[in-house]
Amino acid sequence: MTMVRKGILAFAVSAALGLSSAVQADVLIGIAGPHTGPNAAFGEQYWRGASQAAADINATGGINGEPVKLIKGDDACEPKQAVAVANRLVDQDKVAAVIGHFCSSSTIPASEVYDEAGIIAITPGSTNPQVTERGLTGMFRMCGRDDQQGQVAADFIVDTLKGKRVAVIHDKDTYGQGIADSARAQLSKRGVSAVLYEGLTRGEKDFNALVTKLRGANVDVVYFGGLHTEAGPLLRQMREQGLTAAFVSGDGVVTDELVTTAGGPQYVKGAFMTFGADPRKIPEGQALVEKLRAGGYEPEGYTLYAYASLQALAAAFNATGGSDAEKASQWLKSHPVATVMGTKEWDDKGDLKVSDYVIYEWDDQGKYHQR
(Lines give C-alpha, C1' and ligand atoms only; values in the text may rest on other atoms or scores of the structure.)
Protein backbone atom coordinates (compact mmCIF):
# COMPACT_ATOMS: atom_id res chain seq x y z
CA MET A 1 0.00 0.00 0.00
CA THR A 2 1.41 3.39 -0.98
CA MET A 3 1.91 6.16 1.55
CA VAL A 4 -0.80 8.16 -0.22
CA ARG A 5 -3.33 5.34 0.13
CA LYS A 6 -2.33 4.81 3.74
CA GLY A 7 -2.86 8.49 4.35
CA ILE A 8 -6.29 8.43 2.71
CA LEU A 9 -7.26 5.35 4.73
CA ALA A 10 -6.07 6.90 7.98
CA PHE A 11 -8.04 10.06 7.21
CA ALA A 12 -11.17 8.02 6.41
CA VAL A 13 -10.89 6.03 9.63
CA SER A 14 -10.30 9.20 11.61
CA ALA A 15 -13.31 10.87 10.00
CA ALA A 16 -15.49 7.84 10.70
CA LEU A 17 -14.39 7.74 14.31
CA GLY A 18 -15.05 11.45 14.59
CA LEU A 19 -18.54 11.02 13.16
CA SER A 20 -19.22 8.10 15.50
CA SER A 21 -18.02 10.14 18.45
CA ALA A 22 -20.33 13.00 17.46
CA VAL A 23 -23.31 10.66 17.28
CA GLN A 24 -22.49 9.14 20.64
CA ALA A 25 -22.19 12.63 22.12
CA ASP A 26 -25.86 13.37 21.45
CA VAL A 27 -27.97 13.53 24.58
CA LEU A 28 -30.65 10.98 23.79
CA ILE A 29 -34.08 11.54 25.36
CA GLY A 30 -36.94 9.06 24.95
CA ILE A 31 -40.43 10.45 24.31
CA ALA A 32 -42.72 7.61 25.36
CA GLY A 33 -46.48 7.52 24.98
CA PRO A 34 -49.33 6.58 22.65
CA HIS A 35 -47.96 7.68 19.29
CA THR A 36 -50.39 5.36 17.51
CA GLY A 37 -53.82 4.00 18.39
CA PRO A 38 -56.95 5.68 19.73
CA ASN A 39 -55.02 7.89 22.17
CA ALA A 40 -52.37 9.05 19.70
CA ALA A 41 -53.58 12.66 20.08
CA PHE A 42 -51.79 12.77 23.44
CA GLY A 43 -48.61 11.28 21.99
CA GLU A 44 -48.71 13.97 19.33
CA GLN A 45 -48.95 16.65 22.02
CA TYR A 46 -45.93 15.15 23.78
CA TRP A 47 -43.90 14.94 20.58
CA ARG A 48 -44.73 18.46 19.41
CA GLY A 49 -43.83 20.00 22.74
CA ALA A 50 -40.62 18.03 23.25
CA SER A 51 -39.50 18.55 19.65
CA GLN A 52 -39.82 22.31 19.94
CA ALA A 53 -38.04 22.24 23.30
CA ALA A 54 -35.18 20.21 21.81
CA ALA A 55 -34.87 22.64 18.90
CA ASP A 56 -34.81 25.64 21.22
CA ILE A 57 -32.36 24.05 23.67
CA ASN A 58 -30.05 23.02 20.83
CA ALA A 59 -30.15 26.55 19.44
CA THR A 60 -28.66 27.79 22.73
CA GLY A 61 -25.92 25.16 23.07
CA GLY A 62 -27.76 21.96 23.95
CA ILE A 63 -27.13 20.10 27.21
CA ASN A 64 -23.57 20.49 28.48
CA GLY A 65 -22.60 21.58 24.99
CA GLU A 66 -24.06 18.51 23.29
CA PRO A 67 -27.17 18.42 21.06
CA VAL A 68 -30.41 16.85 22.26
CA LYS A 69 -31.83 14.07 20.10
CA LEU A 70 -35.31 12.66 20.70
CA ILE A 71 -36.19 8.97 20.37
CA LYS A 72 -39.87 8.12 19.94
CA GLY A 73 -41.26 5.22 21.98
CA ASP A 74 -44.80 4.14 21.07
CA ASP A 75 -46.63 2.27 23.84
CA ALA A 76 -50.19 2.78 22.47
CA CYS A 77 -51.27 3.12 26.13
CA GLU A 78 -50.80 -0.66 26.55
CA PRO A 79 -48.87 -1.70 29.71
CA LYS A 80 -47.07 -4.69 28.14
CA GLN A 81 -46.05 -2.63 25.14
CA ALA A 82 -44.88 0.13 27.49
CA VAL A 83 -42.50 -2.29 29.21
CA ALA A 84 -41.15 -3.41 25.83
CA VAL A 85 -40.66 0.23 24.82
CA ALA A 86 -38.90 0.99 28.10
CA ASN A 87 -36.51 -1.93 27.64
CA ARG A 88 -35.75 -0.83 24.07
CA LEU A 89 -35.10 2.75 25.09
CA VAL A 90 -32.72 1.55 27.81
CA ASP A 91 -30.93 -1.36 26.14
CA GLN A 92 -30.94 -0.45 22.46
CA ASP A 93 -31.28 3.31 22.26
CA LYS A 94 -29.22 4.04 25.40
CA VAL A 95 -31.29 7.08 26.36
CA ALA A 96 -30.13 9.39 29.14
CA ALA A 97 -33.68 10.17 30.26
CA VAL A 98 -37.33 9.63 29.35
CA ILE A 99 -40.26 11.99 29.01
CA GLY A 100 -43.28 9.72 29.45
CA HIS A 101 -45.42 7.84 29.55
CA PHE A 102 -49.03 9.09 29.26
CA CYS A 103 -51.42 6.45 30.60
CA SER A 104 -50.61 5.75 34.24
CA SER A 105 -51.08 2.03 33.61
CA SER A 106 -48.14 2.30 31.20
CA THR A 107 -46.00 4.69 33.25
CA ILE A 108 -46.05 2.56 36.39
CA PRO A 109 -44.55 -0.67 34.94
CA ALA A 110 -42.24 1.18 32.53
CA SER A 111 -40.82 3.29 35.34
CA GLU A 112 -39.63 0.12 37.08
CA VAL A 113 -37.42 -0.53 34.05
CA TYR A 114 -36.00 3.00 34.13
CA ASP A 115 -35.40 2.84 37.87
CA GLU A 116 -33.47 -0.42 37.58
CA ALA A 117 -31.38 1.06 34.77
CA GLY A 118 -30.68 4.26 36.70
CA ILE A 119 -32.46 6.54 34.24
CA ILE A 120 -34.45 9.61 35.23
CA ALA A 121 -38.01 9.92 33.90
CA ILE A 122 -40.57 12.70 34.01
CA THR A 123 -44.17 12.25 32.91
CA PRO A 124 -46.09 15.23 31.56
CA GLY A 125 -49.48 13.59 32.06
CA SER A 126 -49.66 10.48 34.31
CA THR A 127 -51.73 11.47 37.32
CA ASN A 128 -52.30 8.25 39.30
CA PRO A 129 -50.77 8.69 42.80
CA GLN A 130 -48.87 5.40 42.54
CA VAL A 131 -46.62 6.86 39.85
CA THR A 132 -44.68 8.64 42.61
CA GLU A 133 -45.69 6.66 45.69
CA ARG A 134 -43.35 3.67 45.18
CA GLY A 135 -40.10 5.20 46.33
CA LEU A 136 -38.50 5.51 42.89
CA THR A 137 -35.85 8.22 43.23
CA GLY A 138 -35.78 9.15 39.54
CA MET A 139 -39.53 9.41 38.79
CA PHE A 140 -41.04 12.88 38.41
CA ARG A 141 -44.16 14.45 36.96
CA MET A 142 -44.96 17.81 35.41
CA CYS A 143 -48.66 17.46 36.27
CA GLY A 144 -50.76 17.05 39.38
CA ARG A 145 -52.27 13.91 40.92
CA ASP A 146 -55.69 12.30 40.73
CA ASP A 147 -56.30 12.72 44.44
CA GLN A 148 -55.98 16.47 43.81
CA GLN A 149 -57.91 16.48 40.54
CA GLY A 150 -60.76 14.32 41.81
CA GLN A 151 -61.25 16.60 44.79
CA VAL A 152 -61.57 19.67 42.56
CA ALA A 153 -64.14 17.89 40.38
CA ALA A 154 -66.18 16.67 43.35
CA ASP A 155 -66.23 20.09 44.99
CA PHE A 156 -67.40 21.60 41.69
CA ILE A 157 -70.19 19.03 41.43
CA VAL A 158 -71.38 19.82 44.96
CA ASP A 159 -70.80 23.57 45.17
CA THR A 160 -71.54 24.74 41.61
CA LEU A 161 -73.66 22.06 39.96
CA LYS A 162 -75.54 21.30 43.20
CA GLY A 163 -75.46 17.62 42.29
CA LYS A 164 -77.62 15.36 44.42
CA ARG A 165 -77.88 12.16 42.39
CA VAL A 166 -74.42 11.58 41.03
CA ALA A 167 -73.26 8.59 38.99
CA VAL A 168 -69.55 7.73 38.97
CA ILE A 169 -68.41 5.80 35.90
CA HIS A 170 -64.87 4.64 35.06
CA ASP A 171 -63.05 2.67 32.36
CA LYS A 172 -61.47 0.06 34.72
CA ASP A 173 -58.00 1.37 33.88
CA THR A 174 -55.42 2.53 36.43
CA TYR A 175 -56.00 6.17 35.55
CA GLY A 176 -59.73 6.07 34.95
CA GLN A 177 -60.73 4.10 38.02
CA GLY A 178 -58.19 5.93 40.16
CA ILE A 179 -59.51 9.38 39.39
CA ALA A 180 -63.12 8.18 39.64
CA ASP A 181 -62.45 6.72 43.08
CA SER A 182 -60.83 9.98 44.15
CA ALA A 183 -63.87 11.99 43.05
CA ARG A 184 -66.22 9.47 44.68
CA ALA A 185 -64.33 9.68 47.99
CA GLN A 186 -64.49 13.48 48.01
CA LEU A 187 -68.20 13.41 47.12
CA SER A 188 -68.76 11.15 50.11
CA LYS A 189 -66.87 13.56 52.35
CA ARG A 190 -69.17 16.31 51.09
CA GLY A 191 -72.23 14.24 51.95
CA VAL A 192 -73.10 13.00 48.46
CA SER A 193 -73.16 9.24 47.91
CA ALA A 194 -72.93 7.97 44.33
CA VAL A 195 -76.27 6.50 43.27
CA LEU A 196 -74.49 4.45 40.62
CA TYR A 197 -70.85 3.30 40.49
CA GLU A 198 -69.95 1.24 37.46
CA GLY A 199 -67.13 0.41 35.07
CA LEU A 200 -67.17 0.17 31.29
CA THR A 201 -64.60 -1.44 29.02
CA ARG A 202 -62.04 0.56 27.06
CA GLY A 203 -62.54 0.07 23.35
CA GLU A 204 -66.32 -0.37 23.53
CA LYS A 205 -68.55 2.11 21.73
CA ASP A 206 -72.10 1.04 22.60
CA PHE A 207 -73.07 2.37 26.01
CA ASN A 208 -76.82 2.50 25.53
CA ALA A 209 -77.47 -0.10 28.22
CA LEU A 210 -75.42 1.96 30.67
CA VAL A 211 -77.27 5.12 29.66
CA THR A 212 -80.55 3.33 30.34
CA LYS A 213 -79.30 2.59 33.87
CA LEU A 214 -78.31 6.22 34.31
CA ARG A 215 -81.77 7.35 33.27
CA GLY A 216 -83.37 4.80 35.57
CA ALA A 217 -81.32 6.13 38.49
CA ASN A 218 -82.53 9.66 37.66
CA VAL A 219 -79.01 11.07 37.87
CA ASP A 220 -78.38 14.80 37.62
CA VAL A 221 -74.58 14.53 37.23
CA VAL A 222 -72.38 11.90 35.57
CA TYR A 223 -68.72 11.85 36.53
CA PHE A 224 -66.54 9.84 34.14
CA GLY A 225 -63.01 8.67 34.84
CA GLY A 226 -61.33 7.72 31.57
CA LEU A 227 -60.22 8.93 28.15
CA HIS A 228 -61.89 10.76 25.26
CA THR A 229 -62.19 7.54 23.26
CA GLU A 230 -64.99 6.34 25.56
CA ALA A 231 -66.15 9.69 26.95
CA GLY A 232 -67.24 10.89 23.50
CA PRO A 233 -69.57 7.99 22.63
CA LEU A 234 -70.94 7.91 26.18
CA LEU A 235 -71.75 11.61 26.09
CA ARG A 236 -73.38 11.37 22.66
CA GLN A 237 -75.55 8.41 23.65
CA MET A 238 -76.60 10.19 26.84
CA ARG A 239 -77.84 13.14 24.82
CA GLU A 240 -79.44 10.97 22.14
CA GLN A 241 -81.48 9.23 24.85
CA GLY A 242 -82.56 12.56 26.27
CA LEU A 243 -80.41 12.40 29.39
CA THR A 244 -79.56 16.02 30.20
CA ALA A 245 -77.48 15.31 33.32
CA ALA A 246 -74.30 17.37 33.61
CA PHE A 247 -71.18 15.54 32.40
CA VAL A 248 -67.89 15.99 34.26
CA SER A 249 -64.58 14.30 33.49
CA GLY A 250 -60.83 14.74 33.99
CA ASP A 251 -57.69 15.52 32.03
CA GLY A 252 -58.04 12.33 29.99
CA VAL A 253 -60.42 14.16 27.66
CA VAL A 254 -58.31 17.28 27.13
CA THR A 255 -58.08 17.03 23.35
CA ASP A 256 -60.10 18.30 20.40
CA GLU A 257 -60.50 14.61 19.53
CA LEU A 258 -63.31 14.50 22.12
CA VAL A 259 -65.49 16.36 19.61
CA THR A 260 -64.71 13.75 16.95
CA THR A 261 -65.41 10.75 19.18
CA ALA A 262 -68.64 12.37 20.39
CA GLY A 263 -69.84 12.98 16.85
CA GLY A 264 -69.90 16.77 16.85
CA PRO A 265 -69.71 19.89 19.03
CA GLN A 266 -73.42 19.75 19.78
CA TYR A 267 -72.79 16.73 21.99
CA VAL A 268 -69.88 18.15 24.01
CA LYS A 269 -71.51 21.54 24.63
CA GLY A 270 -71.78 22.15 28.36
CA ALA A 271 -69.51 19.26 29.37
CA PHE A 272 -66.94 19.97 32.09
CA MET A 273 -63.47 18.67 32.85
CA THR A 274 -60.58 19.27 35.22
CA PHE A 275 -57.13 20.25 33.96
CA GLY A 276 -54.29 22.49 35.05
CA ALA A 277 -54.70 26.23 34.61
CA ASP A 278 -54.38 26.90 30.88
CA PRO A 279 -50.61 26.86 30.25
CA ARG A 280 -51.15 28.86 27.04
CA LYS A 281 -52.08 31.87 29.16
CA ILE A 282 -49.00 31.80 31.40
CA PRO A 283 -46.76 34.82 30.63
CA GLU A 284 -43.57 32.74 30.53
CA GLY A 285 -44.92 30.68 27.66
CA GLN A 286 -46.43 33.37 25.45
CA ALA A 287 -43.52 33.56 23.01
CA LEU A 288 -43.56 29.77 22.57
CA VAL A 289 -47.34 29.69 22.08
CA GLU A 290 -47.08 32.35 19.39
CA LYS A 291 -44.24 30.47 17.68
CA LEU A 292 -46.21 27.21 17.59
CA ARG A 293 -49.36 28.92 16.36
CA ALA A 294 -47.36 30.69 13.66
CA GLY A 295 -46.29 27.25 12.51
CA GLY A 296 -49.91 26.14 12.24
CA TYR A 297 -50.12 24.15 15.47
CA GLU A 298 -52.35 24.93 18.45
CA PRO A 299 -50.43 23.85 21.60
CA GLU A 300 -53.37 22.21 23.35
CA GLY A 301 -53.40 19.75 26.22
CA TYR A 302 -49.99 18.46 27.22
CA THR A 303 -47.88 20.21 24.57
CA LEU A 304 -46.38 22.76 26.96
CA TYR A 305 -46.14 20.12 29.70
CA ALA A 306 -43.81 18.10 27.47
CA TYR A 307 -41.81 21.21 26.58
CA ALA A 308 -41.42 22.08 30.27
CA SER A 309 -40.41 18.50 31.07
CA LEU A 310 -37.44 18.72 28.71
CA GLN A 311 -36.56 22.11 30.18
CA ALA A 312 -36.44 20.52 33.63
CA LEU A 313 -34.21 17.66 32.47
CA ALA A 314 -31.89 20.07 30.66
CA ALA A 315 -31.63 22.27 33.75
CA ALA A 316 -30.76 19.31 35.98
CA PHE A 317 -28.19 17.85 33.58
CA ASN A 318 -26.56 21.23 32.94
CA ALA A 319 -26.38 21.98 36.65
CA THR A 320 -24.82 18.61 37.52
CA GLY A 321 -22.49 18.50 34.53
CA GLY A 322 -23.66 15.21 33.09
CA SER A 323 -26.58 12.80 32.75
CA ASP A 324 -26.27 10.96 36.05
CA ALA A 325 -29.84 10.22 37.13
CA GLU A 326 -29.15 10.24 40.86
CA LYS A 327 -27.40 13.60 40.78
CA ALA A 328 -30.04 15.09 38.48
CA SER A 329 -32.86 13.79 40.70
CA GLN A 330 -31.31 15.21 43.85
CA TRP A 331 -30.81 18.54 42.12
CA LEU A 332 -34.44 18.73 40.90
CA LYS A 333 -35.74 18.00 44.39
CA SER A 334 -33.83 20.93 45.83
CA HIS A 335 -33.90 23.57 43.09
CA PRO A 336 -36.70 25.47 41.31
CA VAL A 337 -36.73 25.39 37.51
CA ALA A 338 -37.94 28.21 35.27
CA THR A 339 -40.17 26.74 32.55
CA VAL A 340 -42.71 27.90 29.96
CA MET A 341 -45.33 26.97 32.56
CA GLY A 342 -43.77 29.14 35.24
CA THR A 343 -41.35 28.16 37.98
CA LYS A 344 -41.72 24.53 39.07
CA GLU A 345 -40.54 22.80 42.24
CA TRP A 346 -40.70 19.14 43.28
CA ASP A 347 -40.96 17.37 46.61
CA ASP A 348 -39.01 14.29 47.69
CA LYS A 349 -41.47 11.99 45.90
CA GLY A 350 -41.08 13.75 42.56
CA ASP A 351 -44.47 15.47 42.73
CA LEU A 352 -44.95 19.15 42.04
CA LYS A 353 -45.14 21.18 45.23
CA VAL A 354 -48.01 23.21 43.76
CA SER A 355 -50.89 21.82 41.68
CA ASP A 356 -53.29 24.14 39.87
CA TYR A 357 -56.33 22.13 38.75
CA VAL A 358 -59.31 24.17 37.59
CA ILE A 359 -62.58 23.54 35.75
CA TYR A 360 -63.01 23.87 31.98
CA GLU A 361 -66.24 23.92 29.97
CA TRP A 362 -66.82 22.93 26.34
CA ASP A 363 -68.76 25.32 24.11
CA ASP A 364 -71.01 24.83 21.06
CA GLN A 365 -68.01 25.33 18.75
CA GLY A 366 -66.23 22.30 20.15
CA LYS A 367 -63.67 24.33 22.10
CA TYR A 368 -62.91 24.24 25.82
CA HIS A 369 -62.39 27.28 28.02
CA GLN A 370 -61.29 27.73 31.61
CA ARG A 371 -64.22 28.83 33.78
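Predicted model: local features only at pLDDT ≥ 70, side-chain atom pairs only at ≥ 80, totals over all residues.
Strands of a sheet pair through backbone hydrogen bonds, either parallel or antiparallel. Here, 5 strands form an open sheet in the order 2-1-3-4-5, and the pairing is parallel. At the edges sit strand 2 (68–74) and strand 5 (139–141), each of which pairs on one side only. From one strand to the next, the twist averages 25°.

For a look at one pairing, find strand 1 (residues 27–33) and strand 3 (residues 97–99), which run parallel and are joined by 3 bridges. Ile 29, for example, has Ala 97 in strand 3 as its bridge partner.

Helix 3 (residues 79–91) lies across strand 1, strand 2 and strand 3, and runs at about 150° to strand 2.

Finally, turn to helix 6 (residues 174–189). Its 16 residues should span 22 Å at 1.5 Å a residue, and the end C-alpha atoms are 23 Å apart, which agrees. Which residues of helix 6 are buried? They are Tyr 175, Gly 176, Ile 179, Ala 180, Ser 182, Ala 183, Gln 186 and Leu 187. These residues lie on the same side of helix 6, because they cover an arc of only 155° around the axis. An α-helix has 3.6 residues a turn, so residues three or four places apart point the same way. The cover over the buried residues of helix 6 includes helix 4 (104–117), helix 5 (146–159), strand 6 (166–170) and strand 8 (221–225). Just after helix 6, Gly 191 takes a positive phi of about 90°.

Conventions. Residues numbered from 1 in each chain as written. Heavy atoms only, no water. Helix = DSSP H or I, 4+ residues; strand = E, 2+ residues; numbered from the N terminus. Expected span 1.5 Å × (residues − 1). Buried < 20%, exposed > 50% of the residue type's maximum accessible area, 1.4 Å probe, protein only. Arc of directions from axis to C-beta. Contact = heavy atoms within 4.5 Å. Pairing = 2+ DSSP bridges. Axes fitted to C-alpha atoms, helices over the stretch in contact; angles between N-to-C directions.
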